[in-house]
Amino acid sequence: MRRGSFFTYDALLSAFIIMLAVSAALHLSSPRPSPLSDARLIRGAYDILYALDREDALGCRTADEGLLSRLTPDHLAIQITIEGVATVNGSLVSFCRHSIGDLPPGDAFSIRGMHQGMDGNLYGIRARAGLR
Amino acid sequence: MASHSIRGQMLSADLVISASVFMMVFATVPATVSFSTMRLTQSSIQKDMSYSGYMAAESIIMGAGYPGDWESSPNDLQSIGLASSPRALDLGKLSALSGIGYDDARNALFVSPYDFSLQISALSGEHILSYGDALDSTQIHTETRYAGCGNETCRLTLTLYGGQK
């Protein structure tokens, strides 16, 4: 009876110490999100939208998935939805919606803006950006 | 007698198990502490490089530097900025950067103690500027940003190098 008790306490204590050390090591070495990574993510997404805007690659017809893919760094994911609306006397005459890019599940930032295409149309841009 | 013998064996078995567990803990804890310390140091350097790289890239593409017309008097350069307005690179500042010494440029970018290299190329593939040399380092951090340079859209790649191999 005494032996059983002694063995159990010893094993429990040792296991506890080992688990404590391992969990502390894992906790200390695990990456954590920081405000800096948020700032880099948002700046990176704006940069990509800026470049696409300059290249006129944000229209329903001119949206360029290949260019978006080339511009997006490995650590970033961005999905852009482009919406174009044309009205005459308040009546909707045409509407288009086009999405490029993909975004894995997880936290994402949303950015909204407008793009004046070289075709003369004004497009509403919604972008969602996250980390891969 | 028999019970004495059994009791003695129980004690021995206990002792062996306890000693084994103790040795395991004794061997595991220092290795774990050493590993964690190394990871923490690397992580700290990586975060510092990430912060320095982000700030340097931001000042390059968003600001004109200090003084604002440093390209006309490079000896007065205190802070490097290559933009005439946010995200619009100034071609005059780009060509003036080539005449700045590496150490002066590194200090004006505030990336010390890290080394750096800067590449700017148009999306069409045209090479515009290459400054600093790529190094063989144990820790590397890269910032990629986009800005206008004249009629072109440019990709700016700023790379920081940590401990040399």
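Contact here means heavy atoms within 4.5 Å. By that criterion, the contact between the two chains takes 26 residues from chain A and 36 residues from chain B. This is a predicted model, in which local features need pLDDT of at least 70 and side-chain atom pairs count only at pLDDT 80 or more, while totals for chains, interfaces and linings use all residues. Residues are numbered from 1 along each chain as its sequence is written, chains are lettered from A in the order in which they are written, and side-chain values use heavy atoms, with hydrogens and water left out.

The area buried between chain A and chain B, that is, the accessible area (1.4 Å probe) lost on putting the two together, summed over both, is about 2,700 Å², and carbon and sulfur atoms give 58% of this area. Four salt bridges cross the interface, each defined as a side-chain nitrogen of Lys or Arg within 4 Å of a carboxyl oxygen of Asp or Glu. One of them joins B:R145 to A:D47, with the closest N and O atoms 2.3 Å apart.

Turning to chain B, an open sheet of 6 strands has the order β3-β4-β7-β8-β5-β6, with mixed pairing; strands are DSSP runs (E, at least two residues) and helices likewise (H or I, at least four), numbered from the N terminus, and two strands pair if DSSP finds at least two bridges between them. The edge strands are β3 (83-85) and β6 (127-131) of chain B. Strand β5 (115-122) of chain B pairs with β6(B) in the antiparallel sense over 4 bridges, and B:I120 stands opposite B:L129 in β6(B).
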